[in-house]
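Welcome! Take a moment to look over the sequence and the model shown here, and then let us walk through them together.

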Amino acid sequence: MTRIIYVNGAWLPEPDAKVSVFDRGFLMADGIYEVTCVLDGKLIDYDGHARRLQRSARELGITVPLDEAGLLAVHREIVARNGVDQGMIYLQLTRGVADRDFAYPPADTPPTLVLFTQSRNVLENRAADEGIAVALLPDLRWGRRDIKTIQLLYPSMAKMEAKARGADDAWLVEDGHVTEGSAATAHIVTADGVLVTRDLSHALLPGITRASVLELAGQHGISVEERAFTPEEALSAREAFITSATNFVVPVVRIDDAKIGDGKPGTMTRDLRRYYIETRRAAAI
Ligand code: PDD
């Protein structure tokens, strides 16, 4: 089925959905994005993603061309037009079209807003059932990872290197501490049952799923420490897992050559995945 893509206010069949070669997203990676999960044809954790989009836009001085209600309406319409039951919505917003120049174009240059959908089973998959393996790799990304920009070359390189090493994904390490996964937040559970996740800073993306999972952990009496952790702590953790919009909570069962716990998804990880799906599914809009 040909998807229907949103491009600057128009709904276009996939082959007609195009942007200029002068788009600053194409030339300079001058843009931001969001990924929102769809379950039962509804948006999961939408408010958090909409808020983070506004924040990323503000940090870079890019204008979001729709108001709150308009943005939500476009998200809902793209799900309906593409008949998505499970999957995700990708939104990309760039500074717009201008001749190549390192300086930004005038502030009234219209931004480029594109949305498309991908259908996939987000509830049941091998990663969720059996867990994934991650490889530790240096974090060579830029210094403002709190902004969700479309510059994703290094995360792609890291993912490829992780696969070459026989793992599913990478956990990135900087100054002796894990920052995050290539496209997900990294968490560990210590031998004492404390959930440890890195505190927010410019070093990592403020994950929307992370925030929900920390809230759920609190509600279920799980102790949480928001602090950086070392690769050594991760290698000897009782459990490890990642969170992201499309993964929810996915167990990490191997880091480099070390089995985590008994090499099977941990109990707390499984519980948090269940709590997340139950509560966010019930609250989806
Ligand atoms: N990635 N850290 C990074 C670097 C990410 O790219 C992502 C999300 C996360 C998790 O954030 P959230 O819980 O808000 O999805 C953390 C998306 C899913 C992607 O690029 O496809």
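This is a predicted model: local features need pLDDT of at least 70, side-chain atom pairs count only at pLDDT 80 or more; totals for chains, interfaces and linings use all residues.

Three residues deserve a look here: Tyr33, Asp45 and Arg52 supply 32% of the area that domain 1 buries against domain 2, more than any other three residues.

## What crosses the interface

Nine residue pairs are in polar contact across the interface of domain 1 and domain 2.

The same interface holds four salt bridges. Now look at Arg55 and Asp146, whose side chains meet in a salt bridge at 2.9 Å, N to O. Arg55 belongs to helix α2, while Asp146 sits in the loop between β7 (132-138) and α5 (153-164), 91 residues apart. Arg55 counts as partly exposed because its relative accessibility is 26%, whereas Asp146, at 2%, is buried.

## Arg126 and its two partners

The salt bridges in the model come to 23. Arg126 takes part in a salt bridge with Glu130 (3.9 Å, N to O). Both residues lie in helix α4 (residues 126-130), four residues apart, which is about one turn of the helix. Arg126 is partly exposed at 46% relative accessibility, and Glu130 is partly exposed at 48%.

Arg126 also forms a salt bridge with Asp168, with the closest N and O atoms 3.3 Å apart. Asp168 lies in the loop between α5 and β8 (169-174) and Arg126 in helix α4, so this pair ties together parts that are 42 residues apart in sequence.

## A buried glutamate in a network

Is Glu180 buried or exposed? Its relative accessibility is 4%, below the 20% cut-off, so Glu180 counts as buried. You can find Glu180 in strand β9 (residues 177-181).

Leaving aside residues up to four places away in sequence, Glu180 touches several others, including Trp171, Leu172 and Leu205. The side chain of Glu180 makes a polar contact with the side chain of Arg141 at 2.9 Å. A network of salt bridges links Asp139, Arg141, Arg145, Glu174 and Glu180.

Key
Residues are numbered from 1 along each chain as its sequence is written. Side-chain values use heavy atoms; hydrogens and water are left out. Buried area is the accessible area (1.4 Å probe) that two parts lose on being put together, summed over both. A polar contact is a pair of N or O atoms within 3.5 Å; within protein, one must be able to donate a hydrogen and the other to accept it, and residues adjacent in sequence count only if both atoms are side-chain atoms. Helices (H or I, at least four residues) and strands (E, at least two) are DSSP runs, numbered from the N terminus. Buried means under 20% relative accessible area, exposed over 50%, partly exposed in between (1.4 Å probe, protein chains only). Contact means heavy atoms within 4.5 Å.
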